[in-house]
Amino acid sequence: MLETLFPNVDWADMWEATLETIYMTAMSTFFTFVIGLVLGIVLFLTAPNQLWANKIVNWLTGAFVNIFRSIPFIILIILLIPFTKFLIGSIRGPNAALPALIIGAAPFYARMVLIALKEIDKGVIEAARSMGATTWTIIRKVLLPESKPALISGITVTAIALVGYTAMAGIIGAGGLGTLAFLDGFQRSREDVTLMATIAILIIVFVVQFIGDFLTGKADKR
Amino acid sequence: MIELKGLTKVFDTGKARLTAVDHVDLTVPAGEIFGIIGYSGAGKSTLIRLLNGLEKPSEGSVEINGQNITAISGPKLRKARQKVSMIFQHFNLLWSRTVRENIEFPLEIAGVGKEERRKRSAELIELVGLEGRESAYPAQLSGGQKQRVGIARALANDPEVLLCDEATSALDPQTTDAILELLVDINKRLGLTIVLITHEMHVIRKICHRVAVMEGGRVVELGEVLHVFQHPKETITKRFVAQVTETEDSAETVRHLREQYPEGQLVKLIFVGDQAEQPILTQLIREYTVEVNIVHGNISHTQRGAYGTLILQLKGPAEEISKALAFLGAHDVQTEVMGDA
């Protein structure tokens, strides 16, 4: 049945490409989460009237985030080729896609972290201060737990965007389902390969969304 | 003991300068429940935040039990804050934590071990009457229960001073009374000094020993609650007192009462403290040949005694009425003739 519908699909290749896409998405999501979280917290705490209020740091972080968030991803990959070469030693393969994926997505997530932190009731932060909490304690025990559902739903949206980015990175040789769909499907006019790669990507997206929604719901005690 | 000296806070927004607190001098002895009343914008929120260093004063000092709060910062200030805790109008609980975990939060900050935290939170849950709710999340609690968690949390590190920032303003009247009773109970049991700010005279009347009235950043009137009720000096104070006593003094009401009770004489009696509980009226009726008709009455109980007003219609021979009034005067009851019929 599958053979008649998808005559040109090499299932072993398809599986390998799927794993590569999952690998790139998982790795980049992890680093995006860490870097975006740090950037978002810095943006939040250095804003006026906040605990670390600092105009210069706030402006610099804001500028960095805005610039990298604004560059179209496909151009960012090309711009980052020398950097990637220096860091990974090659511009081909799943690992070579990671710097561009992370630098493209972390600022995006940082903005979401900032929005999530701004949603926290100021009174709760004031209460923690009135108890004698340090800023570090406030970050760990107030900011992060109180914004957890928004942080999780934000990283879910970002991870899904990253699945799309990996496909774009695939066009310039990162591997994964994007490369397969482009080289094997588009350039050799095998529509069934493109279709199957699309279905695989959709499944990944649905699974990510499902896990994200589940965790968000579990974290939200409001 | 809390001592404020020349305390001033000016907010400089670049364009405008706003003096929120203007040279306030106050002394609150240990164990007192001290109320600060004012309308919004009077500076009371800023004042209470100066007491635990959440705001830094522009001028003046705050001394709590000998420690100058305004002179310290960093770890020292954080340590001091553990002894000057605060409850809030909107409770400010962490929704991500259960009742028990919320109460344990200040203990975590103070570096108390897990076992000790458990023990202490269990005691506090019992103290504020939340047994059985320890695993509930704030979202599952009523307003009054949330404030009980807030109080338990504030008491966790055995503070010397409890600051209440409009702690009952978001609660319905019944819950307000229950929370106020809890505060009085804590004050008596733990000997805690309580400073509260409010815009409701009811709160002051019910639990405070002394009150300061704030307007435009200044303390315009200060004194024993009973005394302030009895002799409010400033217009703003009179308005606050009227919130609870509703002494129907306006010309309109007097005229209306006189229309309703055209005979005899209308007299307003003001009882303060012990007199409110003495059978003065019984004696009056027994000893003088006057007919007494109660037109309107109101008694407010404060922490240091009751305060009441009573409007009577006295009917009888004029000399008996004046003798009766003299009798009341001799018993320290203030009388005020509201006009002959």
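Two residues are in contact if their C-beta atoms, placed from the backbone, lie within 7 Å. The model is predicted: local features need pLDDT of at least 70, side-chain atom pairs count only at pLDDT 80 or more, and totals for chains, interfaces and linings use all residues. Residues are numbered from 1 along each chain as its sequence is written, while chains are lettered from A and ligands numbered from 1 in the order in which they are written.

**View 1. Chain B contains 12 helices and 14 strands.** Helices (H or I, at least four residues) and strands (E, at least two) are DSSP runs, numbered from the N terminus. The C-alpha trace of chain B spans about 80 × 50 × 35 Å along its principal axes. Of its 341 residues, 41% count as buried (20 or more other C-beta atoms within 10 Å of the residue's own, with C-beta atoms placed from the backbone). Among the contacts in chain B with a separation of 6 or more, 70% join residues 24 or more positions apart.

**View 2. Helix 3 and helix 5 of chain B cross at roughly 30°.** Their axes, lines fitted to C-alpha atoms over the stretch in contact, with angles from 0 to 180 degrees between N-to-C directions, come within 7 Å. Helix 3 of chain B is therefore roughly parallel to helix 5 of chain B (an angle under 35 degrees). The crossing is right-handed, that is, the near helix is turned clockwise from the far one by less than a right angle. From helix 3 of chain B, Val99(B), Asn102(B), Ile103(B), Phe105(B) and Pro106(B) meet Val149(B), Ala152(B) and Arg153(B) of helix 5 of chain B. This contact has six nonpolar, one polar and one charged residues; Ala, Val, Leu, Ile, Met, Phe, Trp, Tyr, Cys and Pro count as nonpolar, Asp, Glu, Lys and Arg as charged, and the others, Gly among them, as polar.

**View 3. Four strands of chain B form an open antiparallel sheet in the order 2-1-4-5.** Strands pair if DSSP finds at least two bridges between them. Strand 2 (17–28) and strand 5 (67–68) of chain B are the edges, each pairing on one side only. Strand 1 (residues 2–12) and strand 2 of chain B are joined by eight bridges, and Val10(B) has Thr19(B) as its bridge partner in strand 2. Helix 1 (residues 44–51) of chain B packs on the sheet, touching strand 1, strand 2 and strand 4 (59–64) of chain B.

**View 4. Chain B touches chain A through 20 residues of its own and 19 residues of chain A.** On the chain B side, helix 2 (74–81), strand 6 (84–87) and helix 3 (99–109) each supply at least two residues. Helix 3 of chain B gives the most, with four residues.

How values were computed: Parallel < 35°, antiparallel > 145°, perpendicular 65-115°, else oblique. Buried ≥ 20, exposed ≤ 12 C-beta atoms within 10 Å, placed from the backbone.
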